[in-house]
Amino acid sequence: MIKGFAVFVVLLLGSVLLAQTLPKLDRFNGTRSNDKVFLEWVISAGSTCNGIQLYRSTDTINFELIESILGDCGNLAFAQLYNYTDIKPEKNKTNYYRLETGSRVFSKIVSIDFLDYFNGYQIRPNPLQDRARLYFENPNRSKFQFNLLNQFGTDIVEQFTNEEYFQLELGHLIPGIYFFIVYDALRNSTIKGNLLIQ
């Protein structure tokens with residue numbers, strides 16, 4: 001009985017020590033910067049690991065290793081900031097990133113829509129039936145307005161966002177070609193175009 005209890009205590013202490021040595025990510029995020037993706041992460045104070053592996057995917061299932069940062073990571077005394085620039089993200093796709101900091105422990109997945117914009121925007125899917133997203137560049141997360149106009153120039157839809165896209169729910173409209181305008185609060189940045197509803 002005492003021997004079994006001793007084994008239990010040793011296993012418990014071992015699992016506690018292992019949990020303490022596995023690194024803890026305080027933050028992992030990414031942003032698009034022109035034709036690159038900038039990723040940064042912070043490992044908590046007191047957390048250490050033996051190297052970092054960075055993976056990328058376009059489907060959240062099949063990840064490929066894009067960078068292996070060898071050596072120790074983290075710091076016993078203070079939180080440690082790391083960053084990486086992906087110079088070859090997959091264009092016109094959502095790029096998904098995750099970190100491995102040892103023992104096959106993976107971070108949360110960070111997603112970045114990496115779209116080439118023609119005339120400052122992209123609509124996916126286009127033509128649309130019920131819903132779509134209108135993507136545009138908004139790196140500073142400024143407030144933008146979207147107005148959809150019919151063939152007579154009448155506003156029929158108005159939306160606002162601080163994101164890099166508008167979520168369009170247009171299944172209630174009659175099929176045809178519609179015109180839109182996207183602009184910021186000062187109307188310094190204006191995008192005009194049309195979309196086809198089937």
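Tutor: Start with a term: two strands pair if DSSP finds at least two bridges between them. Strands here are DSSP runs (E, at least two residues), numbered from the N terminus. This is a predicted model, in which local features need pLDDT of at least 70, side-chain atom pairs count only at pLDDT 80 or more, and totals for chains, interfaces and linings use all residues. Residues are numbered from 1 along each chain as its sequence is written, and side-chain values use heavy atoms, with hydrogens and water left out.

Student: In what order do the four strands of the open sheet run?

Tutor: The order is β11-β10-β13-β14, with antiparallel pairing. β11 (155–161) and β14 are the edge strands, each pairing on one side only.

Student: Switching topic. Which residues touch the most other members in the largest nonpolar core?

Tutor: L134, F146, L148, L170, F180 and L195, out of 20 residues in that core. A nonpolar core is a set of buried Ala, Val, Leu, Ile, Met, Phe, Trp, Tyr and Cys residues joined through side-chain atoms within 4.5 Å. Buried means under 20% relative accessible area, exposed over 50%, and partly exposed in between (1.4 Å probe, protein chains only).

Student: And what is L148 in contact with, leaving aside its neighbours within four places in sequence?

Tutor: Its contacts (heavy atoms within 4.5 Å) include I156, V157, L170, F180 and L195.

Student: Now the rings. How many aromatic pairs does the structure hold?

Tutor: Nine. Rings of Phe, Tyr and Trp (its six-membered ring) pair if their centres lie within 6.5 Å; planes under 30 degrees apart count as stacked, over 60 as edge-to-face and the rest as tilted. Y135 and Y165 form a tilted pair, 5.9 Å centre to centre with 55° between the planes.

Student: Why does that pair tie together parts that are apart in sequence?

Tutor: Because Y135 lies in strand β9 and Y165 in strand β12, the pair joins parts 30 residues apart in sequence.

Student: Is each one buried or partly exposed?

Tutor: Y135 is buried, at 9% relative accessible area, while Y165 is partly exposed, at 23%.

Student: What sits over the ring of Y165?

Tutor: The charged end of R133, 3.9 Å from the ring centre. For that label, NZ of Lys or CZ of Arg must be within 6 Å of the ring centre and within 35 degrees of the ring normal.
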